[in-house]
Amino acid sequence: MTGLPLSQEAIESHNAERLEALRDEYDALGRALDRRAVRLDDIKAKVAAFSVALPSWGSGRGGTRFAKFPIPGEPTNIHEKLADCAVVNQLSRSTPRVSPHFPWDFVDDYAALREEAADLGLGFDAVNSNTFQDQPGQAHSYRSGSLTATDPAVRAQAVAHNIACIEIGRKLGSRALTVWVGDGGNFPGQQDLGAALDRYLESAAEIYAALPEGWRMLLEHKMYEPAFYATVIQDWGSSILAAQQLGPKAQCLVDLGHHAPNVNIEQIVARLHRFGKLGGFHFNDSKYGDDDLDSGSINPHQLFLVFNELVEAELKPRDGFDPAYMIDQSHNVTDPIESMLSSAEAIAGAYAKALLVDRDALHAAQQENDVMMAFQALRTAYRTDVTPILAMARAETGGAVDVLGAYRDSGWRDRKAQERKPVGLGAGIV
Ligand SMILES: [Mn+2]
């Protein structure tokens, strides 16, 4: 790791001006937690060990199907995306892996890409396949579906692409393939609902058979969009049934934005864990649908409750419990680096709050059916300001006390605006 993007001296001097106040706030929190019989340093150590992967596609300006408004200096290829992700990791010290997406991140030499990432202090997380759009020179179109298409030649092409992604992932050091398909229908009657799922299961089994030892296949469900009437893998029910049929290497991935409004996502987390099928997360937030807003920006309490279930799961692990944590957001109106810094902090903060829950008190209240005290066990943890824990964990590992302040002081984006070629106008999430 020789090529960190920002000056470490600049981060240290940025921190030096803030460490005295941070120490004061950290010690005050430590005394408050002492009175709750919680050891602050233990919490900080767990927070410091926590990490979440960044999406390569999250480092560029996203957009909607209406428009995209690029900013000067945003990345135009995987090399520049890695550099921006390295900035996030250098400041936050909690995002050491990048989740690549193919064909968006195709290169000729993946061994070299892996070395380039390692130089930046990064590794690779789950690889993502893409059969929801056509690529130049592709033999068959996905306009009528991919893994579930009625034409067997289209299905074979989609299966081959997923297997090619596994091969790339092996070269990058990944251990998982995330599969999301937009397949489905926009009209009643368009698709035989049962036969479409049969075709999905058959195609998915071919991909599953190509998984190397130690790999997992993460099935990502999504209720709607681009199919607005019926999506083939639309909810956690279809997802877990498919994962169970495929076998132990198949698990479910929960994208927080891919549910019906008001669905109890933390309960889905608990259910998936109960059956050993909780594979991972795509963290984001939403108000109306799959909005891909910044994690914790709309419903931070839900994020906390999800982590509460994850801490419960850590206490009662089941075979295969090793959830892959990833961010999956579309940064349409912010500097993507700033959104990823803010989101990584929100996610780690939700985890920290979940660690502060007095589990003995919670479990005792649950057993005694003491509803109010069970609720208060969660409430007491949730209202604790964990900011000093996160900042101290970062400062002690070379990150920034104030991630956004240090990033703005670095002048990174302005510098890149001089060096990088402009991104064209357009629409779409990337
Ligand atoms: Mn997702």
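**Helices H7 and H8**

I began with helices H7 and H8, which are oblique to each other (angles under 35 degrees count as roughly parallel, over 145 as roughly antiparallel, 65 to 115 as roughly perpendicular and the rest as oblique). The model is predicted, so I kept in mind that local features need pLDDT of at least 70 and side-chain atom pairs pLDDT 80 or more, while totals for chains, interfaces and linings use all residues. Residues are numbered from 1 along each chain as its sequence is written.

I looked up the geometry and found that H7 (residues 193-209) and H8 (residues 236-246) pack at an angle of about 45 degrees, with their axes 10 Å apart. The axes are lines fitted to C-alpha atoms over the stretch in contact, with angles from 0 to 180 degrees between N-to-C directions, and the elements are DSSP runs numbered from the N terminus, helices of at least four residues and strands of at least two. H7 passes H8 in a right-handed crossing (the near helix is turned clockwise from the far one by less than a right angle).

For the contact (C-beta atoms, placed from the backbone, within 7 Å), I listed Leu-197, Tyr-200, Leu-201, Ala-204, Ala-205 and Tyr-208 from H7, which meet Ser-238, Ala-242, Gln-245 and Leu-246 of H8. These residues divide into eight nonpolar, two polar and no charged, where Asp, Glu, Lys and Arg count as charged, Ala, Val, Leu, Ile, Met, Phe, Trp, Tyr, Cys and Pro as nonpolar, and the others as polar.

**The two faces of H8**

I then asked which residues of H8 are buried. They are Trp-236, Ser-239, Ile-240, Ala-242 and Ala-243 (buried means 20 or more other C-beta atoms within 10 Å, exposed 12 or fewer, partly exposed in between). They cover an arc of only 160 degrees around the axis, which puts them on the same side of H8. An α-helix has 3.6 residues a turn, so residues three or four places apart point the same way.

I followed the buried residues of H8 to their partners, and they pack against H7, strand E7 (216-220), strand E9 (250-255) and helix H9 (265-274). On the face turned away from the buried side I found the exposed residues Gly-237 and Gln-245. Just after H8, Gly-247 takes a positive phi of about 135 degrees.

Most residues other than glycine have a negative phi, and most peptide bonds are trans. Against that background I looked up the exceptions.

I found that the bond from Phe-102 to Pro-103 is cis, with omega near 20 degrees, and that Pro-103 lies in the loop between strand E2 (97-99) and helix H5 (110-119). The bond from Glu-225 to Pro-226 is also cis, with omega near 10 degrees, and I placed Pro-226 in the loop between E7 and strand E8 (230-231).

Glu-225 lies in that loop between E7 and E8, and its phi is near 80 degrees, a positive value in a residue other than glycine. I read Glu-225 as partly exposed, because it has 13 C-beta neighbours inside 10 Å.

Asn-369 likewise has a positive phi, near 60 degrees, and sits in the loop between helix H12 (359-367) and helix H13 (371-382). Is Asn-369 buried or exposed? I counted it as exposed, because it has 7 C-beta neighbours inside 10 Å.

**Helices H4 and H15**

I next checked helix H4 (residues 78-92) and helix H15 (residues 403-410), which pack at an angle of about 130 degrees with their axes 10 Å apart. That angle makes H4 oblique to H15, and I noted that H4 passes H15 in a right-handed crossing. The contact is made by Val-87, Leu-91 and Ser-92 of H4 and by Val-403, Ala-406 and Tyr-407 of H15. I sorted these residues into five nonpolar, one polar and no charged.

**Helices H3 and H14**

For helix H3 (residues 40-49) and helix H14 (residues 387-396), I found axes that come within 9 Å and cross at roughly 60 degrees. H3 and H14 are therefore oblique to each other, and H3 passes H14 in a right-handed crossing. I listed Leu-40, Ile-43, Lys-44, Val-47 and Ala-48 on the H3 side, and Ile-389, Leu-390, Met-392 and Ala-393 on the H14 side. The contact residues divide into eight nonpolar, no polar and one charged.

**Ala-270**

Finally I looked up Ala-270, which has its place in helix H9 and is partly exposed, with 17 other C-beta atoms within 10 Å. I also noted that the C-alpha atoms of Ala-270 and Ser-343, 73 residues apart along the chain, are separated by 23 Å.

Definitions and conventions
Contact = placed C-beta atoms within 7 Å. Arc of directions from axis to C-beta.
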